[in-house]
Amino acid sequence: MIRRAILKAIAVPGYQVPFASREMPMPYGWGTGGVQVTAAILGRSDVLKVIDQGADDTTNAVSIRRFFARTSGVATTTRTREATIIQTRHRIPETPLAEGQTLVYQVPIPEPLRFLEPRETETRQLHALAEYGAMHVKLYEDISRHGHIATTYAYPVEVAGRYVMDPSPTPKFDNPKMDDCPALQLFGAGRERRIYAVPPYTRVRSLDFEDHPFRVQEFTQPCALCGASGHYLDEVVTDDAGGRMYVCSDTDICETRVEEAGR
Amino acid sequence: MLAPGFADPVHDAQGTFRAVMDALARPGQPRPLAPGLTPPAPLTPELAAVALALTDADTPVWLDAALAAAPDVAAYLRFHTGAPLTDDPAQAAFALIRDPGRCPPLGRFAPGTPAYPDTSTTLVLACEAITEGEGLHLAGPGIAGTVRLAAAPLPEGFVTQLAANRADFPLGVDLILTAPGRVAGLPRSTAVSEG
């Protein structure tokens with residue numbers, strides 16, 4: 001049943017397919033949607049990578065990776081290039097994804113219009129009519145209040161020229177990576193019981209205005225560990241005297257770069 | 001005696017699903033499908049594999065005239081999937097087409113509703129051959145630029161019917177083309193032309 005939902009999600013890019021979400025051995029909010037999608041597609045020859053905010057070594061990522069290693073016997077990795085399936089919470093790896101890879105997002109709230117219209121019956125009609133004016137008004141209100149579009153994560157996108165979709169709470173920094181991506185992108189929302197998809201090589205456009213075009217965050221300094229610029233950085237507080245450093249949120253690419261530099 | 005289903009139900013069903021998923025995600029790139037099934041004639045191993053992997057009690061299945069004429073096929077599908085068989089193509093979640101040349105017009109199958117376009121029929125066609133790199137021109141999600149795909153036999157006026165199907169997007173049926181050892185996907189999002 002989850003597999004059927006995935007097939008329909010691929011056939012109608014960006015449309016949220018309802019599915020009967022299962023009990024998972026973890027609470028809602030910890031990636032039950034992503035785990036169900038991963039479990040539905042995972043096979044013996046797959047290599048699984050799990051990231052949480054870009055990191056392979058945080059509790060959520062380690063638990064889910066171990067869960068699948070133990071229950072399915074599948075090979076796991078932390079290397080983006082070696083993985084065939086990457087389950088992610090709120091980041092897209094910095095290493096460009098390739099054909100043959102599948103990115104599985106854990107999604108808390110799949111409905112991009114939910115904070116504008118709480119009724120599911122209404123949002124479903126809005127999607128059916130492709131009536132997305134309210135979303136543009138929301139972005140416009142950002143501009144009138146802050147002078148720029150202040151939405152920095154879960155930034156709404158239009159998929160294949162039709163459905164407006166919530167890319168999950170990834171930083172908008174990652175939105176351009178979704179466009180024309182060679183990998184298949186699947187989204188699972190366990191609590192909200194929705195699955196949606198972006199097939200490979202599909203146009204994913206971040207909503208914007210002619211006079212306020214979409215722009216990603218920029219960082220003024222490189223990563224303190226690997227020296228990379230152009231990566232998404234996390235702020236790490238290092239002491240109680242205001243000391244802080246900025247490091248790559250993607251631990252795999254950061255470690256790889258540090259190793260290569262040390263050689 | 002009833003023919004057996006998948007030898008390894010968990011992994012064979014996963015493998016079949018994965019081939020279909022990859023085929024639908026990348027229209028024009030057929031995937032290998034070797035299910036190792038020996039279903040009753042005229043059901044092909046590939047049609048049987050898709051049915052066993054994807055249908056259950058929640059999915060009404062419609063059989064074309066060639067399949068409906070063979071009681072063994074209905075018995076095989078009922079036993080292994082538990083799926084109810086329907087005579088009405090507009091009620092079908094899946095339609096198994098053994099004879100694509102005599103497939104009813106695509107418009108007779110369920111197109112879904114504007115609020116729930118996922119409730120449309122998925123047609124599974126048993127072609128004799130699928131060849132990439134020639135034939136129809138495909139473009140759309142899942143395809144970098146355009147690709148070419150040929151399959152035979154196909155329903156009458158196939159390209160015109162697919163154009164009408166595509167015009168109603170997000171409504172429309174999705175097609176899974178099978179041939180011996182292969183599967184290809186033609187989701188409703190794909191624009192198909194003769195070139």
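This is a predicted model: local features need pLDDT of at least 70, side-chain atom pairs count only at pLDDT 80 or more; totals for chains, interfaces and linings use all residues.
Me: Why are β11(A) and β12(A) called paired strands?
Reply: Pairing requires at least two bridges between two strands. Five bridges join β11 (residues 233-237) of chain A to β12 (residues 244-248) of chain A, so the two strands meet the criterion. They run antiparallel, and A:Glu235 stands opposite A:Tyr246 in β12(A).

Me: Which residue between the strands of the hairpin of β11(A) and β12(A) takes a positive phi?
Reply: In that hairpin, with six residues between the strands, A:Gly242 has a positive phi near 90 degrees.

Me: Why do β6(A) and β7(A) count as a pair?
Reply: Three bridges join β6 (residues 157-159) of chain A to β7(A); at least two are needed, so the strands pair. Their course is antiparallel, with A:Val159 opposite A:Tyr163 in β7(A).

Me: How many residues of chain A are said to be in contact with chain B, and what makes a contact?
Reply: A contact requires C-beta atoms within 7 Å; 25 residues of chain A are in contact with 25 residues of chain B. On the side of chain A, α1(A) gives the largest share, seven residues.

Me: What residue classes make up that side of chain A?
Reply: It divides into 16 nonpolar, three polar and six charged residues.

Definitions and conventions:
Residues are numbered from 1 along each chain as its sequence is written. Chains are lettered from A and ligands numbered from 1 in the order in which they are written. Helices (H or I, at least four residues) and strands (E, at least two) are DSSP runs, numbered from the N terminus. Two residues are in contact if their C-beta atoms, placed from the backbone, lie within 7 Å. Ala, Val, Leu, Ile, Met, Phe, Trp, Tyr, Cys and Pro count as nonpolar, Asp, Glu, Lys and Arg as charged, and the others, Gly among them, as polar.
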